[in-house]
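The sequence and structure come first, then a short tour.

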Amino acid sequence: MRLAAAEIQISGILLFIVMSIFGLSACAEDDFAGQRRQMISDIQATYRSTSDYTGKPALDEKVMQVMSRVPRHEFIPANMQTYAYANRPLPIGDGQTISQPYIVALMTELADVDKQSVVLEVGTGSGYQAAVLAGLVRHVYTIEIVEKLGKRAEQTLKRLGYQNVTVRIGDGYHGWPKHAPFDAILVTAAPEKVPAPLLEQLKPGGKLVIPVGSQSASQSLQLIEKDLSGKVFVHDVLPVGFVPLTGEHQ
Ligand code: SAM
(Lines give C-alpha, C1' and ligand atoms only; values in the text may rest on other atoms or scores of the structure.)
Protein backbone atom coordinates (compact mmCIF):
# COMPACT_ATOMS: atom_id res chain seq x y z
CA MET A 1 0.00 0.00 0.00
CA ARG A 2 2.84 2.38 0.98
CA LEU A 3 4.64 1.29 -2.22
CA ALA A 4 1.59 2.21 -4.31
CA ALA A 5 1.49 5.67 -2.69
CA ALA A 6 5.20 6.16 -3.45
CA GLU A 7 4.59 5.10 -7.06
CA ILE A 8 1.77 7.60 -7.38
CA GLN A 9 4.02 10.30 -5.95
CA ILE A 10 6.87 9.43 -8.38
CA SER A 11 4.51 9.39 -11.39
CA GLY A 12 3.15 12.73 -10.21
CA ILE A 13 6.68 14.16 -10.12
CA LEU A 14 7.44 12.69 -13.56
CA LEU A 15 4.23 14.16 -14.96
CA PHE A 16 5.17 17.54 -13.50
CA ILE A 17 8.66 17.35 -15.06
CA VAL A 18 7.26 16.36 -18.48
CA MET A 19 4.66 19.13 -18.35
CA SER A 20 7.31 21.66 -17.35
CA ILE A 21 9.56 20.66 -20.26
CA PHE A 22 6.68 20.91 -22.76
CA GLY A 23 5.49 24.11 -21.14
CA LEU A 24 8.97 25.60 -21.41
CA SER A 25 9.44 24.63 -25.06
CA ALA A 26 6.00 26.01 -25.97
CA CYS A 27 7.01 29.20 -24.20
CA ALA A 28 10.36 29.28 -26.07
CA GLU A 29 8.52 28.94 -29.41
CA ASP A 30 6.29 31.86 -28.45
CA ASP A 31 9.37 33.90 -27.54
CA PHE A 32 10.88 33.26 -30.98
CA ALA A 33 7.61 34.21 -32.72
CA GLY A 34 7.64 37.50 -30.81
CA GLN A 35 11.31 38.03 -31.67
CA ARG A 36 10.55 37.35 -35.33
CA ARG A 37 7.80 39.99 -35.26
CA GLN A 38 10.26 42.45 -33.74
CA MET A 39 12.85 41.54 -36.41
CA ILE A 40 10.30 42.27 -39.15
CA SER A 41 9.51 45.65 -37.66
CA ASP A 42 13.26 46.42 -37.40
CA ILE A 43 13.66 45.46 -41.07
CA GLN A 44 10.75 47.77 -41.95
CA ALA A 45 12.47 50.61 -40.10
CA THR A 46 15.71 50.02 -42.03
CA TYR A 47 13.74 49.94 -45.31
CA ARG A 48 12.34 53.36 -44.45
CA SER A 49 15.72 54.81 -43.51
CA THR A 50 17.46 53.50 -46.67
CA SER A 51 14.67 54.27 -49.14
CA ASP A 52 16.61 57.22 -50.62
CA TYR A 53 19.18 54.69 -51.88
CA THR A 54 16.97 51.72 -52.69
CA GLY A 55 13.75 53.44 -53.77
CA LYS A 56 11.96 50.91 -51.54
CA PRO A 57 10.12 52.43 -48.58
CA ALA A 58 8.56 49.16 -47.36
CA LEU A 59 9.30 45.46 -47.20
CA ASP A 60 7.55 43.34 -49.83
CA GLU A 61 4.55 41.47 -48.37
CA LYS A 62 5.50 37.98 -49.58
CA VAL A 63 9.12 38.35 -48.38
CA MET A 64 7.78 39.53 -45.04
CA GLN A 65 5.47 36.49 -44.79
CA VAL A 66 8.27 34.03 -45.41
CA MET A 67 10.73 35.77 -43.07
CA SER A 68 8.07 35.73 -40.37
CA ARG A 69 8.13 31.94 -40.56
CA VAL A 70 11.78 30.90 -41.10
CA PRO A 71 13.32 29.98 -37.71
CA ARG A 72 16.54 32.03 -37.93
CA HIS A 73 17.64 30.72 -34.51
CA GLU A 74 18.06 27.26 -36.07
CA PHE A 75 20.79 28.62 -38.38
CA ILE A 76 22.79 30.32 -35.63
CA PRO A 77 25.50 28.79 -33.39
CA ALA A 78 24.26 27.97 -29.87
CA ASN A 79 26.33 30.72 -28.23
CA MET A 80 24.69 33.37 -30.47
CA GLN A 81 21.05 32.31 -29.92
CA THR A 82 20.26 35.40 -27.86
CA TYR A 83 20.94 37.56 -30.90
CA ALA A 84 19.29 35.30 -33.48
CA TYR A 85 16.63 37.87 -34.43
CA ALA A 86 18.72 41.02 -34.04
CA ASN A 87 18.82 43.01 -37.28
CA ARG A 88 22.54 42.52 -37.77
CA PRO A 89 25.02 40.00 -39.18
CA LEU A 90 26.31 37.34 -36.77
CA PRO A 91 29.39 35.09 -36.79
CA ILE A 92 28.73 31.49 -37.87
CA GLY A 93 32.30 30.16 -37.53
CA ASP A 94 35.28 29.94 -39.92
CA GLY A 95 35.43 33.74 -40.07
CA GLN A 96 32.07 33.86 -41.89
CA THR A 97 28.74 35.49 -41.10
CA ILE A 98 25.01 35.07 -41.53
CA SER A 99 23.86 38.26 -43.28
CA GLN A 100 21.83 40.98 -41.60
CA PRO A 101 18.07 40.19 -41.90
CA TYR A 102 17.48 43.52 -43.69
CA ILE A 103 20.05 42.57 -46.34
CA VAL A 104 18.48 39.10 -46.73
CA ALA A 105 15.08 40.76 -47.24
CA LEU A 106 16.40 43.34 -49.71
CA MET A 107 18.39 40.83 -51.78
CA THR A 108 15.42 38.46 -51.88
CA GLU A 109 13.11 41.25 -53.00
CA LEU A 110 15.54 42.50 -55.66
CA ALA A 111 15.78 38.97 -57.08
CA ASP A 112 12.06 39.29 -57.93
CA VAL A 113 11.30 35.57 -57.80
CA ASP A 114 8.08 33.57 -57.93
CA LYS A 115 6.92 29.99 -57.41
CA GLN A 116 8.29 28.94 -60.83
CA SER A 117 11.76 30.40 -60.32
CA VAL A 118 14.94 28.35 -60.22
CA VAL A 119 17.56 30.25 -58.24
CA LEU A 120 21.30 29.99 -57.68
CA GLU A 121 22.83 31.25 -54.45
CA VAL A 122 26.61 31.64 -54.15
CA GLY A 123 27.69 31.55 -50.48
CA THR A 124 25.40 29.18 -48.56
CA GLY A 125 26.91 30.13 -45.19
CA SER A 126 24.38 29.12 -42.54
CA GLY A 127 21.67 28.20 -45.09
CA TYR A 128 19.31 30.94 -43.86
CA GLN A 129 19.10 32.94 -47.12
CA ALA A 130 18.51 29.66 -48.98
CA ALA A 131 15.67 28.80 -46.57
CA VAL A 132 14.03 32.21 -47.14
CA LEU A 133 14.29 31.74 -50.91
CA ALA A 134 12.98 28.18 -50.64
CA GLY A 135 9.67 29.51 -49.35
CA LEU A 136 9.21 31.60 -52.51
CA VAL A 137 10.60 29.61 -55.45
CA ARG A 138 10.57 26.20 -57.14
CA HIS A 139 14.18 25.27 -56.40
CA VAL A 140 17.29 26.78 -54.83
CA TYR A 141 20.77 25.59 -55.83
CA THR A 142 23.35 26.90 -53.38
CA ILE A 143 27.15 26.63 -53.37
CA GLU A 144 29.47 27.04 -50.39
CA ILE A 145 33.26 27.01 -50.59
CA VAL A 146 33.91 26.14 -46.90
CA GLU A 147 33.09 22.45 -46.60
CA LYS A 148 32.27 22.51 -42.89
CA LEU A 149 29.75 25.33 -43.33
CA GLY A 150 28.18 23.80 -46.42
CA LYS A 151 27.71 20.40 -44.73
CA ARG A 152 26.24 21.99 -41.62
CA ALA A 153 23.84 24.14 -43.66
CA GLU A 154 22.77 21.08 -45.64
CA GLN A 155 22.01 19.21 -42.41
CA THR A 156 20.09 22.15 -40.93
CA LEU A 157 17.98 22.53 -44.07
CA LYS A 158 17.29 18.79 -44.15
CA ARG A 159 16.37 18.68 -40.44
CA LEU A 160 13.92 21.55 -40.94
CA GLY A 161 12.29 19.77 -43.89
CA TYR A 162 13.37 21.98 -46.83
CA GLN A 163 13.07 19.72 -49.87
CA ASN A 164 13.64 22.26 -52.63
CA VAL A 165 17.21 23.25 -51.72
CA THR A 166 20.33 21.51 -53.06
CA VAL A 167 23.69 22.37 -51.46
CA ARG A 168 27.05 21.79 -53.15
CA ILE A 169 30.57 22.37 -51.87
CA GLY A 170 32.70 24.27 -54.39
CA ASP A 171 33.74 27.60 -55.81
CA GLY A 172 30.58 29.45 -56.74
CA TYR A 173 32.53 31.78 -59.04
CA HIS A 174 31.92 29.19 -61.75
CA GLY A 175 28.19 28.94 -61.05
CA TRP A 176 26.44 25.60 -61.58
CA PRO A 177 26.26 25.04 -65.36
CA LYS A 178 24.35 21.77 -65.00
CA HIS A 179 21.26 23.59 -63.63
CA ALA A 180 21.61 26.84 -65.61
CA PRO A 181 20.10 29.07 -66.82
CA PHE A 182 18.74 30.58 -63.59
CA ASP A 183 15.83 32.98 -63.17
CA ALA A 184 17.80 34.72 -60.43
CA ILE A 185 21.28 34.52 -58.91
CA LEU A 186 22.15 35.86 -55.46
CA VAL A 187 25.77 36.20 -54.41
CA THR A 188 26.37 36.71 -50.69
CA ALA A 189 30.15 37.31 -50.78
CA ALA A 190 31.82 40.18 -52.65
CA PRO A 191 34.03 39.71 -55.74
CA GLU A 192 35.98 42.67 -57.12
CA LYS A 193 34.32 42.17 -60.50
CA VAL A 194 31.12 40.37 -61.49
CA PRO A 195 32.06 36.75 -62.36
CA ALA A 196 31.50 36.22 -66.11
CA PRO A 197 30.14 32.65 -65.64
CA LEU A 198 27.32 33.98 -63.44
CA LEU A 199 26.27 36.49 -66.10
CA GLU A 200 26.32 33.72 -68.68
CA GLN A 201 24.17 31.47 -66.49
CA LEU A 202 21.51 34.15 -65.95
CA LYS A 203 18.35 33.63 -68.00
CA PRO A 204 17.24 36.44 -70.36
CA GLY A 205 14.79 38.40 -68.19
CA GLY A 206 16.65 37.24 -65.06
CA LYS A 207 18.18 39.18 -62.16
CA LEU A 208 21.60 38.91 -60.53
CA VAL A 209 21.96 40.47 -57.07
CA ILE A 210 25.59 40.82 -56.03
CA PRO A 211 27.84 42.94 -53.80
CA VAL A 212 30.81 44.17 -55.85
CA GLY A 213 34.03 45.80 -54.66
CA SER A 214 37.21 45.17 -52.73
CA GLN A 215 37.53 44.75 -48.98
CA SER A 216 39.64 47.89 -48.65
CA ALA A 217 37.36 50.21 -50.65
CA SER A 218 33.61 50.53 -50.65
CA GLN A 219 31.35 47.83 -52.04
CA SER A 220 28.08 48.34 -53.84
CA LEU A 221 25.11 45.98 -53.82
CA GLN A 222 24.28 45.73 -57.51
CA LEU A 223 21.12 44.61 -59.26
CA ILE A 224 22.04 43.34 -62.71
CA GLU A 225 19.20 42.75 -65.12
CA LYS A 226 19.49 40.81 -68.35
CA ASP A 227 16.75 41.75 -70.80
CA LEU A 228 15.12 39.35 -73.24
CA SER A 229 17.66 40.20 -75.94
CA GLY A 230 20.52 39.39 -73.54
CA LYS A 231 21.52 43.02 -72.92
CA VAL A 232 22.72 43.71 -69.36
CA PHE A 233 21.79 46.70 -67.17
CA VAL A 234 23.60 47.44 -63.91
CA HIS A 235 22.02 49.39 -61.02
CA ASP A 236 23.93 50.36 -57.87
CA VAL A 237 21.44 49.87 -55.05
CA LEU A 238 23.23 50.38 -51.74
CA PRO A 239 26.73 50.67 -50.20
CA VAL A 240 27.40 47.41 -48.31
CA GLY A 241 30.14 45.46 -46.50
CA PHE A 242 30.30 41.75 -47.38
CA VAL A 243 32.99 39.13 -46.75
CA PRO A 244 35.12 38.50 -49.88
CA LEU A 245 34.32 35.94 -52.56
CA THR A 246 37.27 33.60 -52.10
CA GLY A 247 38.69 30.85 -54.29
CA GLU A 248 41.41 30.22 -56.84
CA HIS A 249 39.62 31.87 -59.75
CA GLN A 250 40.85 35.46 -59.27
N1 SAM B 1 23.93 33.45 -47.33
C2 SAM B 1 24.55 33.15 -46.08
C3 SAM B 1 23.58 32.89 -44.97
O4 SAM B 1 22.37 33.02 -45.19
O5 SAM B 1 24.04 32.53 -43.90
C6 SAM B 1 25.55 34.18 -45.66
C7 SAM B 1 26.77 34.07 -46.41
S8 SAM B 1 28.24 34.75 -45.81
C9 SAM B 1 27.92 36.46 -45.79
C10 SAM B 1 29.20 34.48 -47.30
C11 SAM B 1 29.50 33.04 -47.57
O12 SAM B 1 30.10 32.96 -48.86
C13 SAM B 1 30.48 32.42 -46.59
O14 SAM B 1 29.95 31.28 -46.02
C15 SAM B 1 31.69 32.10 -47.47
O16 SAM B 1 32.41 30.95 -47.06
C17 SAM B 1 31.04 31.92 -48.82
N18 SAM B 1 31.94 32.06 -49.98
C19 SAM B 1 32.99 32.92 -50.14
N20 SAM B 1 33.54 32.73 -51.34
C21 SAM B 1 32.85 31.75 -51.96
C22 SAM B 1 32.96 31.12 -53.24
N23 SAM B 1 33.90 31.43 -54.12
N24 SAM B 1 32.05 30.15 -53.53
C25 SAM B 1 31.08 29.79 -52.65
N26 SAM B 1 30.95 30.35 -51.43
C27 SAM B 1 31.81 31.32 -51.10
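## Charges over rings

A charge counts as sitting over a ring if NZ of Lys or CZ of Arg is within 6 Å of the ring centre and within 35 degrees of the ring normal. Keep in mind that this is a predicted model.

With that in hand, have a look at Arg168: its charged end sits over the ring of Trp176, 4.7 Å from the ring centre.

## The Phe75 and Tyr128 pair

How many aromatic pairs does the structure hold? There are five aromatic pairs. One of them joins Phe75 and Tyr128 edge-to-face, at 5.8 Å centre to centre and with 70° between the planes. This pair links distant parts of the chain, 53 residues apart: Phe75 belongs to the loop between helix H3 (61-69) and strand S1 (90-93), while Tyr128 is in helix H5 (residues 128-134). Both Phe75 and Tyr128 are buried.

## Around Trp176

Why is the pair of Tyr141 and Trp176 edge-to-face? Planes over 60 degrees apart count as edge-to-face, and the planes of these two rings stand at 70°, with centres 5.2 Å apart, so the pair falls in that class. Tyr141 lies in strand S4 (residues 139-144) and Trp176 in the loop between strand S5 (165-169) and strand S6 (182-187), so their pairing ties together parts 35 residues apart in sequence.

Tyr141 and Trp176 are both buried. Together with Phe182, Tyr141 and Trp176 form one aromatic cluster. Trp176 is also the residue whose ring lies under the charged end of Arg168.

Technical notes:
Residues are numbered from 1 along each chain as its sequence is written. This is a predicted model: local features need pLDDT of at least 70, side-chain atom pairs count only at pLDDT 80 or more; totals for chains, interfaces and linings use all residues. Side-chain values use heavy atoms; hydrogens and water are left out. Rings of Phe, Tyr and Trp (its six-membered ring) pair if their centres lie within 6.5 Å; planes under 30 degrees apart count as stacked, over 60 as edge-to-face and the rest as tilted. Helices (H or I, at least four residues) and strands (E, at least two) are DSSP runs, numbered from the N terminus. Buried means under 20% relative accessible area, exposed over 50%, partly exposed in between (1.4 Å probe, protein chains only).
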